[in-house]
Amino acid sequence: MSIKDLEHNAEASAHLANDVVDHFAWRDMRVVVNDRRTHEPLSILAESAGLVRAGEMLALMGPSGSGKTTLLNALAHRQAAAGAVTTGTVLVNGEQATSAVLRDVSAYVEQEDALIGSITVRETMVFAARLALPSSVSRREAFQRVDELIASFGLQAQAHTIVGTPIKKGLSGGQKKRLGVASRLVTSPNVLFLDEPTSGLDSALSCEVINYIKETCRKNNLVVIASIHQPSTATFHMFDKLALLSLGRTCYFGTVSEVSAYFARIGYPVAPATNPAEHLLDLINIDLDRRGEVRERTQVIIDAWTGSPERQALDAAIASVAQSSSDRPRLASLKRPKPSPWRVPLTLLHRSWIKAYRDVVVYGIRIAMYLGLGILMGTVFLRLQATQDHIQPFINALFFGGAFMSFMAVAYVPAFLEDLHTFQSERANGLVGPLAFVVSNFVIGVPFLFLIAVVFSVVEYWLTGFRPEGSAFMMWILWLFLDLLAAESLVVLVSSIIPVFVVALAIAAFANGLWMAVDGFLVPMNVLNVFWKYVFHYIDYQAYVFQGMMVNEFGSREYRCAPAADGKSYQCMYPGSKNGEGIIEGTDVLRALNIETGQTGTWIGISIAIIFGHRLLAYLVLRFLRK
Ligand SMILES: Nc1ncnc2c1ncn2[C@@H]1O[C@H](COP(=O)(O)OP(=O)(O)OP(=O)(O)O)[C@@H](O)[C@H]1O
């Protein structure tokens, strides 16, 4: 390695070094929610105070439901719980931190990883860098940061391994956790919040993950605050400080090295050869309370802490950092530079593109499925002729094709929910906005849906024997394409409103059933009752697709009637002016079904408006409801 390389490495690793935040403190943090059962105000976090210095790693520990996530979220200025009211002060370098400042100096790693399964470790890191880094950071430097972080988290051997999808295995649980943390470190945060970074891992893997975080924290002088459930002895001792919680109250705050002595002093010594974390959790785990004694003991421990000299010393230390005149620049002047606004949607597009062609769940399975559907329909409605007995099968084929294609868009729900999850995590870290997300999601779908429309049509259109003119075929593809775009937009809207897999799936399927019922095929428009007609029919994209396809097929084609028994006249199923010549004009069929001609342009316009309307609503939902 040349001297130049060494210099470069030193420079590259310098990006992570925290020389901004000296200490992170909070006092009198309280969170009150409306109790789900009684609807009365309920305190789920009270009088919490703490101080973490640069280079220290704090564990927020406590039994399940003790308020760890609530405190972590309150410290990161995130919504602590649904409908929660949070009060208290967060101090960064002794200065009261606003949400904007916290977003600039910190990063938050969620408990459930928001990684994209079909992209590799290195791609995950590169995309994270592109979403976060300003253009003043050169490409070369960004790559160096990425490679350095991959190395720091021991992922070099997996750099080109995909994260893992339901049908293709990738990283192990521990590697995923490490990647989740590493990808958030690309932005060079000074404070790192981690929500249960070891959840779902066995004790050896937990220890390994915490070890990597510890090393990074120590080397770069970061402030790390992590909630943790039941650490092993080794993992527990890797933390510098401990905030022990039960019932939303503090049972201990201080160094890990002094915790045993503290509990011995208040009458709960840790037995030799016992995991101290386990001992502490057992003391205050009210889930195991049968006779009320654990709750009583917990109250004693909380009271002991409230009156302890350690608590007074902590208060004094916080007061002192709050008063100390820091020679650091004011936090507001440390605004993290952002990438240019166009770079975010382009990066999302690039990432979605890779996901779309690599992850068969996104479009691959659907393309195969639609091909299968094309073969199925083409062979069921095989070689229909321009004769009157084939008119009804033609109509059925048009209805079934449009409706079923739309219905199958529900297969997009899981892939969209994965993207939504990633978006929510990136948005909470101040990286991606809802507009960039909605636009890139739409744009990436367009070529794939067009491909699906073509694949399906090439098979089904010619097997069935629809109108053979090239223009009719093109028009058919256009209608199918609009149908798919609208159906996918519906999935995006529904899944944005209720991002729960089974519920989104059920609602999208239900909506498709509804659109089928009122699109004018099962019940013709002159029979459909006014409620369904005026409330739903006119916003039903399937109705425009069906009518558009009907006009495309029947607008200018003629069908032969059956000869009558006398062999001279004809029996025609649809009355029309050419019945005497043994001909049913397609327009006779359209008239019988109450479908107007000459409206194609309007219907295309309405379909496009419905597509954009759904996307706009999805944007508004993400912008205002799911903040
Ligand atoms: N609206 C509410 N009504 C009643 N209790 C609530 C409400 N919102 C939150 N809680 C309670 O607040 C407590 C704190 O939850 P929190 O998620 O912070 O706990 P935790 O220690 O992170 O738990 P876990 O380890 O299980 O994730 C829980 O007991 C939870 O049931």
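This is a predicted model: local features need pLDDT of at least 70, side-chain atom pairs count only at pLDDT 80 or more; totals for chains, interfaces and linings use all residues.

**Cysteines, then a helix pair**

I began with Cys251, which counts as buried at 0% relative accessibility (buried is under 20% relative accessible area, exposed over 50%, partly exposed in between, with a 1.4 Å probe and protein chains only). Residues are numbered from 1 along each chain as its sequence is written, and side-chain values use heavy atoms, with hydrogens and water left out.

Next I looked for disulfides (cysteine sulfur pairs within 2.5 Å) and the count came to 1. Cys561 and Cys572 form a disulfide, S to S 2.0 Å. I checked its torsion about the S-S bond, about 105 degrees, so the disulfide is right-handed. Cys561 is buried at 8% relative accessibility, whereas Cys572 is partly exposed at 23%. Cys217 is buried, at 1% relative accessible area.

Then I turned to helices (DSSP runs of H or I, at least four residues, numbered from the N terminus). How do the axes of α4 and α5 cross? The axes of α4 (residues 121-132) and α5 (residues 139-152) come within 10 Å and cross at roughly 130 degrees; I noted that axes are lines fitted to C-alpha atoms over the stretch in contact, with angles from 0 to 180 degrees between N-to-C directions. For contacts (heavy atoms within 4.5 Å), I found Met125 and Val126 among the α4 residues, and Phe143 and Val146 among those of α5.

Key:
Helices (H or I, at least four residues) and strands (E, at least two) are DSSP runs, numbered from the N terminus.
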